[in-house]
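Subject: Structure handover

Hello,

Please find the structure below. My notes on what was found follow it.

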Amino acid sequence: MIAEAATYAKPGEGGAVDGAALPLVVEHVAKGYDFNGQVVPVIADLSLTLRKGEIVSIVGPSGCGKTTLLNTLCGLLAPDAGRIRWHGRQVVGQPQNVGYMLQKDLLFPWRTALANTMLGLEIRGVPAAEAEDRSRAMLDQLGLHGFADHYPATLSGGMRQRVALARTLVNDPDVLLLDEPFAALDFQTKLLIENDMVSLVRKGGRSMLLITHDIEEAVSIADRVIVLTRRPTAVKAAYEIELGSDRADVISLRENPDFSRYVRRIWANLDVAIQ
Amino acid sequence: MVDASKPAGCVPSPVARAKWTRLRFSIAVLATQVLVLAALLVMWERATPKGSPAAFMFGSPSAIAGFLVQMARDGSLWRDAGVTGMETLLGFFMGNLVGTLLGLSLWYSRFVSRVVQPFVIALGSIPIIALAPIVIIWFGTGLVSKVAMSTLSVVIVALVTSYKGAIGVDGDQINLMKTLGASKFQIFRKLVVPASLTDIFAGLKLTVGFALIGAIVGEFMSSSEGLGHAIFKAGSLYIIPKVFAALVVTIVLALVLTWIVGKIERLLIPWRRQA
């Protein structure tokens, strides 16, 4: 049986002061854009939590403000209202130990795959030799052995996104915030990268928040799927995804009969306009 | 390896064939260029028989060649080209150094760049030749005034192109740097400066010509040597072929300088070469 959580915005859920252990608590966040002097609300009132080692997917209709949400979470935009707490603390600016990945790989063309991977370590002042060793090991883990010295222009889209993933993971983040990171890739490439990513994230006990419009992707990867409403957005529903104990293999999961049931349920609950 | 120049009959590898197609194209382009130039020179020579009024008014290729040989023999060609080349190089270097540093540093402060904007536009709209009399009063009639003219014709262009490059940096890449914990200076050094290199080099190639124009305008106003001096003097004496001869040297000088900049660009931007 599929358990469906009720409407999600339970104030205080995990939001109490003792929620310090929770990597991310979002309470009643609102965010609007100033458009020609008028404030256009994008996020109406949004609350969610991310537990340690948990993978949460956020799905919503196109243009519902998922990207605004992500940018607000990682401190690139300031919320108009509400609180965002990382490990129990409100943060000014960028939170520590949070990895951020977009659909665009954002690799620097003047840096090799290795140098791109080293970027975060370099910024934090990790000694060059150590940074290089760690980066090479991370590239190897992601199947990029032998490509460390290639410039991004000579790599395929899938390999570039793997380098971007290596650049994120090598910093050893507690939490990953991903905004449709593999949406531009073809289906096979995407499945393989997702599989590698999920197993690395689960093995490292990291938490992950994945924004996507692909419900199958959301269900196959996540422990919980949060459905957002249309803009101005809020949480519409949340689904605990229970697909057995081995969640690292996202490819064979798709054969589980419950998988398609979850997908149908969520699809039915998504505010998609049918033309 | 299959030799691309082998005659048809043996089957070349696709790579060799593609290489051969490209080579054939470049040869065709070059041959057409040479033909066009030759045709123009022949028409010019035919239209200006020796001793005719047309030869006096327009010179003739043979007379120009004669002056080139004579100037090379008496050493004035090398001396004038050397003087103008030195003025151009110094002006090019100083103008680009100052302009690029200013342009890039404007990225640092939106406030300052806004404040400076109208002044830059105003300075950029001044025809450099209009400054020549003042420059000569301030810097004398020697090398320094020509270098100053050359610098002035370069600096605004360098400033504008480098600033454009700096503010054109992908906002998502800046966000990425922020989430990796980069300071503003780190964003500048590791992202903005390398990302602007392509624009800076476009500016460098453009300003070779401007630097040369500045130097020659300076020489027109007051000088005792240099290509501008030679052109001005020959023109005043109605020795038209000699004017053209000095112009030919000027063009060659510009081509050589542009070629050098291109070489340096390929050294400094290796990631574009590999692509």
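H1(A) has these buried residues: Lys66(A), Leu69(A), Leu70(A), Asn71(A), Thr72(A) and Leu73(A). Buried means that 20 or more other C-beta atoms lie within 10 Å of the residue's own; 12 or fewer is exposed, in between is partly exposed, and C-beta atoms are placed from the backbone. Helices (H or I, at least four residues) and strands (E, at least two) are DSSP runs, numbered from the N terminus. Just after H1(A), Gly75(A) has a positive phi of about 80°.

Two points on conventions. The model is predicted, so local features need pLDDT of at least 70 and side-chain atom pairs count only at pLDDT 80 or more, while totals for chains, interfaces and linings use all residues. Residues are numbered from 1 along each chain as its sequence is written, and chains are lettered from A and ligands numbered from 1 in the order in which they are written.

Staying in chain A: Thr112(A) sits in the loop between S7 and helix H2 (113-117). Is Thr112(A) buried or exposed? Thr112(A) has 22 C-beta neighbours inside 10 Å, so it counts as buried. Beyond its neighbours within four places in sequence, Thr112(A) is in contact with Ala148(A), Asp149(A), His150(A) and Tyr151(A). Contact means C-beta atoms, placed from the backbone, within 7 Å. Thr112(A) and Ser260(A) are 148 residues apart along the chain, and their C-alpha atoms are separated by 41 Å.

Next, the interface. 18 residues of chain A are in contact with 15 residues of chain B. On the chain A side, the elements giving two or more residues are strand S7 (98-101) and helix H3 (119-123). H3(A) supplies the largest share, 3 residues. By class, the chain A side has 13 nonpolar, 3 polar and 2 charged residues. Ala, Val, Leu, Ile, Met, Phe, Trp, Tyr, Cys and Pro count as nonpolar, Asp, Glu, Lys and Arg as charged, and the others, Gly among them, as polar.

Now chain B. Its domain assignment (automatic or from a database) gives domain 1 (14-47) and domain 2 (61-274). The C-alpha centres of these two domains lie 30 Å apart.

Helix packing in chain B:

- H7(B) (143-167) and H9(B): the axes come within 7 Å and cross at roughly 155°. Axes are lines fitted to C-alpha atoms, for helices over the stretch in contact, with angles from 0 to 180 degrees between N-to-C directions. H7(B) and H9(B) are therefore roughly antiparallel. (Under 35 degrees is roughly parallel, over 145 roughly antiparallel, 65 to 115 roughly perpendicular, the rest oblique.) Their contact divides into 16 nonpolar, 12 polar and 4 charged residues.
- H6(B) (128-139) and H9(B) (184-221): the axes come within 10 Å and cross at roughly 55°. H6(B) and H9(B) are therefore oblique to each other. Ile128(B), Ile129(B), Ala132(B), Pro133(B) and Ile136(B) in H6(B) meet Gly214(B), Val217(B), Gly218(B) and Met221(B) in H9(B). That contact has 7 nonpolar, 2 polar and no charged residues.

Finally, Lys190(B) lies in helix H9 of chain B. With 19 C-beta neighbours inside 10 Å, Lys190(B) counts as partly exposed. Lys190(B) and Met177(B) are 13 residues apart in sequence and 9.1 Å apart in space, C-alpha to C-alpha.

Best wishes

Methods. Two residues are in contact if their C-beta atoms, placed from the backbone, lie within 7 Å.
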